[in-house]
Amino acid sequence: MAAVTPMMEQYLQIKSENKNALVFFRLGDFYELFYDDAIIASKVLDIVLTGRDCGQPERAPMCGVPYHAAETYISKLIEKGHKVAVCEQVEDPKTTKTIVKREVVRIVTPGTNTDIKSLDSGRNNYLMCVYESKEGCAVSVADVSTGAFTALDLGADKVKVSDEIARYSPSEIISNCSVELSARIESIFGIKPGSHEAWAFSYDNAYKKLCSHFGTLNLRGFGIEDEKRVICAAGALLDYLSYTRKTALTHITSIKPEAEKTFMVLDVSSRRNLELTETMRDKKKNGSLLGVLDFTRTSMGARALRNWVERPLTKKPDIEKRLNSVAVLKESVLLREELKEYLNTVLDIERLMSKIVFGTANARDLNTLKSSFENLPHMRRLIKNFDTELFKEIYEDIDELEDIRSTIGEYIAEEPPVSIREGGMIKKGVDSELDEHREAKMFGTKWLLELEQREKTLSGIKTLKIKYNKVFGYFIEITNSNIQNAPERYIRKQTLSNCERFVTEELKQIEDKIIGADERIGEIEYELFMKLRQKISAETTRIQKTAAAIASLDAVCSLAEAADKYVYVRPGLNENGVIDIKDGRHPCVERMKNVLFVPNDTFIDNDADRLLIITGPNMAGKSTYMRQVALIVLMAQIGSFVPARYADIGIVDRVFTRVGASDDIATGQSTFMVEMSEVANIINNATNKSLLILDEIGRGTSTFDGLSVAWSVMEHIADKKKLGAKTLFATHYHELTELETMVDGVKNYCVTVKESGDTVVFLRKIAKGGADDSYGIHVAKLAGIPGDIIRRSKEILKMLKANDIAGLGGGTSDSVTYEFSESRESSSGKKIILNDLEELDIDLISPKGAWELLFDIKNRLKNLDK
Ligand code: ADP
Ligand code: MG
């Protein structure tokens, strides 16, 4: 077999070291991809697949993208889940006789992408590292585009990994985890976590990596010295970042470990059901809680507010700290207006800093930075008026950065070009050599004009012109009609259809001077610019601290704005478990068009009113009401005012939600198995300080099955010795209202409706007591079901009631027996299974989900046969 060409040999070597990534191989002005990489990229990027001779009988498949447009193409590949290794020429092709040396200078992955254009400015782009050992887990999280870096020990409970993934929604996860944990991560993240060198996860290496990165002797200053797992997770993550970026990550200036107990843990389904940051239906921010609260003016503020919404607080002083500041800013309408104006002028300082640190910022970016600093002194002056702890901190943290602002102002021209190689960025008076060359260049231009004038006179050709282009430089152009008058000493350069182009000795000399000056100008400006960028880069810590302060300021301002605009009230906070809301509203539903929202009261505690059973016909407003309570509690703990006339909130440690199969069909997870595993999760993890929102339990199976599971779950939750958590429970099983008389702490409520003649009017008002259970039939009638069917339904209802309720009065579920014949149970059971299968959307189910469903069906069939 013939040997491959030397260049191809170099390529194959580099490819073999970067098997997991698509290699962007720099050839002149292009990045080329070869072989399988080329086939993949040409498909994803929709670019032409060609071929290249490489010394083999078959040409190598090849495709390429121009280097200046590479970021966009890379981002597209990253979005589709690929990694890209960018391989550059690392020596000047002019200085080498053999093949140019090439090296991979960075590997771009979803979690390490810093292309600002492709990132969402309103959210962090997190890379997460999950460390697993026999004893437990820890996670670390970083955003290289801003420098954020944090870590959290999760202890022995590996289930918590899912909650952290849900909280951060990282764009990439790396881990050293076991097959089991990997499968768990995949089930909620969608893809398996990536791997990284095993040694990077070892304690010794991780410890060393962190110390050498931060330039410290130990990790005491960060409060993680004794946190072994946190160190392993954080060290491995940093190592992976260094491996992908291949440059110093000086903007990651510290690690801020999190203490688990200071934040509320919210599981995946609660986040989804409560629509904290996106709606369930179309995954949009609009219509979510964040969508309602977000009046931020800066990208940093938008990210901070999102982070606040993603992790409500649990410590009263922390919450009060935010509430105090929101209160002040809500009242000071004029100062808030002024502050908003200032915030409007602040651009994404955090991401600009990462560009500066990575050396991709141009002169325009520096000017953007400068103008973002412009109003810092005004903001500080304004904040000084506010006497709260948080505002004092913000005041202290904002550095006016006057020195940096004026340095940029002294150096950089008002409207610099995009390129940093061609001059035009640096102001006059910065560097004397630079100014001399500029003068020479200016003189050159003057000489050219004089020369042009002189040649016109000498030759008598009035239309003679001196022109310039990139290929030929300067030349004298004479049109064909005057060509006979061209002097002898003109040297012919180029002949076009309507003119001839010439040079002269004198013109060449001037040209050399101009071009020489131009080259030097480019070089000097580049050097000056690099020095300035370096200087700013060295101030990263100060600038980042300021950026973080602005972010908090903007988030507080946003909450104040929402509170003012939507007439929210400041919630009181208590630690005795009472949640008392007067005229509460659902923050998102009340914002919808054409909704005249009906407010409702809520009283729930850990005592006589700890489990509220809510009944009422379909569409009455049960789900809305329960979510409203959960959202008001969450908003309070975020530090926001709440939609109510009055609210006193007993701080909860967690909020759990479970939404019934009927409401959950959109996600394609309507199997009874999923429902039950969610209930199991709640029962196993909730405490008496938690708030539970259970919207239908037991719907995904046969009536009596479902009813009995719901019944016994309620008994368990209400039992103070077992759980005793505050719970709102909506059900269409009217039978469950019986629990009020049997179980301590249970109270019945219903969403009222009014019958007027044949129709039902939804009043949306919550009232004490159970609903009249025949509303289902009323609704059926409303919907146009014929009269005889309605009559027959009423008869059947009567019969059913007489038959089963009697048996339920006995107390615990153990003693309940249902008087149904075997065959009836069995055939209705099978029908339900068939129903489930019919409703199942094959396209939406994961392989694992399919397996679980099969398992579930087998079990259900087995139970039916018994
Ligand atoms: P249920 O869970 O009882 O079937 P939902 O909570 O889904 O009912 O409410 C049905 C619709 O009624 C909601 O989409 C909402 O538009 C409207 N709604 C619910 N509660 C209220 C309220 N308090 N005020 C006004 N409209 C409401
Ligand atoms: Mg509902």
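## Report on the predicted model

Glu-275 sits in the loop that joins helix H8 (268–273) to helix H9 (289–293). The model is a predicted one. Phi of Glu-275 is near 50°, which is a positive value in a residue other than glycine. Leu-401 also has a positive phi, of about 55°, although Leu-401 is not a glycine. This residue is placed in the loop between helix H16 (389–397) and helix H17 (402–411). Leu-401 is buried, with a relative accessible area of 1%.

**Ligand site**

The shell around ligand 1 divides into six nonpolar, four polar and two charged residues. Among its members are Leu-596, Phe-597, Val-598, Pro-617, Asn-618 and Arg-764. Helix H21 (residues 622–638) supplies the largest share of this shell, three residues.

| Residue | Polar atom of the residue | Distance to an oxygen atom of ligand 1 |
|---|---|---|
| Lys-622 | backbone | 2.8 Å |
| Ser-623 | side chain | 2.7 Å |
| Thr-624 | side chain | 2.6 Å |

On its own, ligand 1 has 560 Å² of accessible area, and the protein covers 80% of that.

**Salt bridges**

The whole structure holds 54 salt bridges. In one of them, Arg-351 pairs with Asp-143, and the closest N and O atoms are 3.6 Å apart. Arg-351 belongs to helix H13 (residues 349–358) and Asp-143 to strand E8 (residues 137–143), so the pair ties together parts that are 208 residues apart in sequence. Arg-351 counts as buried at 1% relative accessibility, and Asp-143 counts as buried at 0%.

A salt bridge also joins the side chains of Arg-438 and Glu-525, at 2.5 Å from N to O. Here the linked parts of the chain are helix H18 (residues 432–459), which holds Arg-438, and helix H19 (residues 505–537), which holds Glu-525, with the pair 87 residues apart. Arg-438 is partly exposed, with a relative accessible area of 21%, whereas Glu-525 counts as buried at 0%.

Glu-477 and Lys-467 meet through their side chains at 3.1 Å, N to O. Glu-477 is buried, with a relative accessible area of 12%, while Lys-467 counts as partly exposed at 34%.

A network of salt bridges links Arg-336, Glu-337, Lys-340, Glu-561 and Asp-564.

**Surface patch**

Met-673, Trp-851 and Phe-855 make a nonpolar surface patch of about 320 Å². Met-673 is found in helix H23 (residues 672–685) and is partly exposed, with a relative accessible area of 30%.

Conventions: Residues numbered from 1 in each chain as written. Chains lettered and ligands numbered in written order. Predicted model: local features only at pLDDT ≥ 70, side-chain atom pairs only at ≥ 80, totals over all residues. Heavy atoms only, no water. Near = heavy atom within 4 Å. Polar contact = N/O pair within 3.5 Å; in protein donor to acceptor, adjacent residues only side chain to side chain. Areas by Shrake-Rupley, 256 points an atom, 1.4 Å probe, with all protein chains shown as cover. Helix = DSSP H or I, 4+ residues; strand = E, 2+ residues; numbered from the N terminus. Nonpolar A, V, L, I, M, F, W, Y, C, P; charged D, E, K, R; others polar. Patch = residues over 30% accessible without salt bridge, like charges linked within 9 Å, V, L, I, M, F, W, Y side chains within 5 Å. Salt bridge = Lys/Arg side-chain N within 4 Å of Asp/Glu carboxyl O. Buried < 20%, exposed > 50% of the residue type's maximum accessible area, 1.4 Å probe, protein only.
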